[in-house]
Amino acid sequence: MFTRSTSFVLAASKAELKKSGVRYTAQSKKNRIEVQLLKDFPGIGVKGQIVAVKPSAMTSKLYPHNGAIYMNYKGAEPAIPVVTKAAAAAAAATLKAAQQQENKSKKEKKVKLNPILKSEIENSKKTDDLLTLDDLLSIDLNIISKENEDLIFAKLPKKLIILKNAKNSVLNTPIESDFVANQIKITLSKYIKESDLTMKFFSSEKTSITIKNEAGETIESIGNLGSFYAEVKYNDREHMTSVIVNAK
């Protein structure tokens, strides 16, 4: 003769319940009651649906607000037409989508404006004038302060030496003005730590770079060895960089 411990018996009971397909829970579904919803309740059901809820949910949430009626007694009849499970699922999905759309529309979209653009808009509000689309597009976002302008012109290179393959002083490939401008940009970035400042300067509509020969005539490209000039202009200021093209 021997006795089994309580824990062993409980474990055996759970195993038998699992084999039989019965879910072992602390609270049985028998503790729930059937009610018919008279209103839509997200997470519970939609109007007209008959659902099983906890008695506490019925007494504290549904019944006090005339949101449901009891259906757990003999002879109980629905107060409104019953909604099937399929129709209830479709209605719940529609209700959820509507709520998500409403929440989305309530969220205010915040756009971080460029400080210069923000300043222009604030100034327009002070004068009660509205900026047109053309006004917004015409705003130069690459404006450089006087202090930074002085710094750039102080650091612009005075001379560039470019080595190219040539035959009888004629370059195999002509040097375009964009190439010269890029060389000036690379040289300038070595002396100015703020890379965005260099980018602003060369991206500004007020900046222009033209190539000139020794006679001071503007040329589109350099086709031979010799000495030339790159004229850098910004607003009413200009700087001349000597460009020396030698053979490799």
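**Exercise 1.** Which residues of the largest nonpolar core touch the most other members?

*Solution.* The structure is a predicted model. Step 1: the largest nonpolar core holds 24 residues, and Ile-152, Val-180, Ile-222 and Val-243 touch the most other members. Step 2: the elements that give two or more residues to this core include the helices α6 (146–155), α7 (177–189) and α8 (195–203). The strands β4 (159–164), β6 (170–176), β7 (207–212), β10 (226–234) and β11 (237–247) complete that list. Step 3: in soluble globular proteins, nonpolar side chains tend to be buried together.

**Exercise 2.** Identify the contacts of Ile-222 beyond its neighbours within four places in sequence.

*Solution.* Step 1: a contact requires heavy atoms within 4.5 Å. Step 2: with those neighbours set aside, Ile-222 is in contact with Leu-171, Pro-174, Ile-175, Ile-211, Phe-228, Val-243 and Val-245. Step 3: another core of nine residues lies apart from the largest one, with Ile-33, Leu-37, Val-51 and Leu-62 among its members.

**Exercise 3.** Determine the strand order of the open three-stranded sheet and explain which strands form its edges.

*Solution.* Step 1: the order is β5-β6-β9, and the pairing is antiparallel. Step 2: β5 (166–167) and β9 (221–224) each have a single partner strand, so one side of each lacks a neighbour in the sheet and both stand at the edges. Step 3: β6 and β9 run antiparallel and are joined by three bridges. Step 4: Ile-175 stands opposite Ile-222 in β9.

**Exercise 4.** What share of the residues in the protein is buried?

*Solution.* Step 1: a residue is buried under 20% relative accessible area. Step 2: buried residues make up 25% of the 248 residues.

Conventions. Residues numbered from 1 in each chain as written. Predicted model: local features only at pLDDT ≥ 70, side-chain atom pairs only at ≥ 80, totals over all residues. Heavy atoms only, no water. Buried < 20%, exposed > 50% of the residue type's maximum accessible area, 1.4 Å probe, protein only. Core = buried A, V, L, I, M, F, W, Y, C linked by side-chain atoms within 4.5 Å. Helix = DSSP H or I, 4+ residues; strand = E, 2+ residues; numbered from the N terminus. Pairing = 2+ DSSP bridges.
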